[in-house]
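Student: I am new to this structure. Please take one part and walk me through it closely, with its surroundings.

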Amino acid sequence: MIIYSSNRSTINYFLLLLMHYTILLYLLLSFLSLSAQEQVTLYKGKKARITPIVETHDSKGFEPFKIAERVELLFYTSNRLLWRPNAEKNPNGLVTNGQLNIPADSVAGRVQLDSAQCSDWQYTLYQSQLCEELMVAGCYEPRHLLVFYGHDDKPFGFIEICVSCAGAWVSEGLRTFVVCPERMAVLGSMVNQIAEKNNISSTATRTKSAEQKRKFR
């Protein structure tokens, strides 16, 4: 009986030891599996996680969509810097004293956004979490301008957009947003839809390439 009890204790000890190492092995394999599932994508030679980063939304200024009586999207005939290069350092001059300072022959089309379109633009600019990395291009070739009008039907602010270079200019007083290739790709699709619906020339809607859009839409 004594020998039997001793052998049984030894067996129980090895069973517990085996169970202990089995649990450790399971945890190790689970960790390796999660690491292997982590996906990355390349953008301009840099790694960026597919899972969107947590964007920090600006709390300064005011969100123009919430106070505007109407919002208009302007399509330039070409890159704005070609016909008004001096405004690059101070684009706020595009709207001064409630007046839109853009030559009529430099506008290929203008469309007043309906309520659904305003909601889409507001969500895309200020609420969505789209950015995979905070990175913008070195170029700036704006071709689109969002203009916000108040109760007096005069413009009080604007957002100029360069979807091809992933850049934007927000006029003074308005709330800013995070600029990144992913967000501009979505805006580019929205711009193209509005242009097609309103028969606006494609020369004024040059946006991101099809290869870049495919990733986001």
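Tutor: Let us take helix α4, residues 115–127. Its buried residues are Gln 117, Cys 118, Trp 121, Gln 122, Thr 124, Leu 125 and Tyr 126. Keep in mind that this is a predicted model.

What covers those buried residues? The cover over the buried residues of α4 includes helix α2 (64–67), strands β3 (70–76), β6 (107–112), β7 (144–149) and β8, and helix α5. We will visit several of these in turn.

Start at the N-terminal end of α4. Asp 114 caps that end. One of its side-chain oxygens lies 3.2 Å from the backbone nitrogen of Ala 116.

Now go to helix α5, which spans residues 181–197. Arg 183 sits in this helix. Is Arg 183 buried or exposed? Arg 183 counts as buried because its relative accessible area is 0%, and the cut-off for buried is under 20%. Its side chain reaches the backbone oxygen of Thr 124, at 2.6 Å. Thr 124 is itself one of the buried residues of α4.

Rolling a probe the size of a water molecule over the atoms shows where empty space is left. In this model, the largest pocket holds about 170 Å³ of space. Its lining has 10 residues. Nearest the centre lie Gln 117, Asp 120, Trp 121, Met 190 and Gln 193. Which element gives the largest share of the lining? That is α5, with 5 residues. By type, the lining divides into 4 nonpolar, 3 polar and 3 charged residues.

Next, look at helix α2. Lys 66 lies there. Lys 66 counts as exposed because its relative accessibility is 61%, and the cut-off for exposed is over 50%. Lys 66 and Ser 119 are 53 residues apart in sequence. In space, their C-alpha atoms are 9.8 Å apart.

Now turn to the strands. How many residues of β7 are buried? The count is 6 of the 6, so β7 is largely enclosed by the rest of the structure. In a regular strand the side chains alternate between the two faces of the sheet. Both faces of β7 are covered. On one side, His 144, Leu 146 and Phe 148 are buried. On the other, Leu 145, Val 147 and Tyr 149 are buried too.

Strands β3 and β7 run antiparallel and are joined by 6 bridges. Leu 74 has Leu 145 in β7 as its bridge partner. Strands β7 and β8 also run antiparallel, again with 6 bridges. There, His 144 has Ile 161 in β8 as its bridge partner. β7 and β8 make a hairpin with 5 residues between the strands. In that hairpin, Asp 153 takes a positive phi near 65°.

β8 (residues 155–162) pairs with β9 (residues 167–170) in the antiparallel sense, over 4 bridges. Cys 162 has Gly 167 in β9 as its bridge partner. These strands form a hairpin as well, with 4 residues between them. Ala 166, in the turn, has a positive phi of about 60°.

Methods:
Residues numbered from 1 in each chain as written. Predicted model: local features only at pLDDT ≥ 70, side-chain atom pairs only at ≥ 80, totals over all residues. Heavy atoms only, no water. Pairing = 2+ DSSP bridges. Helix = DSSP H or I, 4+ residues; strand = E, 2+ residues; numbered from the N terminus. Buried < 20%, exposed > 50% of the residue type's maximum accessible area, 1.4 Å probe, protein only. Polar contact = N/O pair within 3.5 Å; in protein donor to acceptor, adjacent residues only side chain to side chain. Contact = heavy atoms within 4.5 Å. 1 Å grid on protein atoms, 1.4 Å probe; cavity = no way out; pocket = protein on both sides within 12 Å on 5 of 7 lines; lining within 4 Å. Points joined across faces, edges and corners; volume = space filled by probe spheres on them. Nonpolar A, V, L, I, M, F, W, Y, C, P; charged D, E, K, R; others polar.
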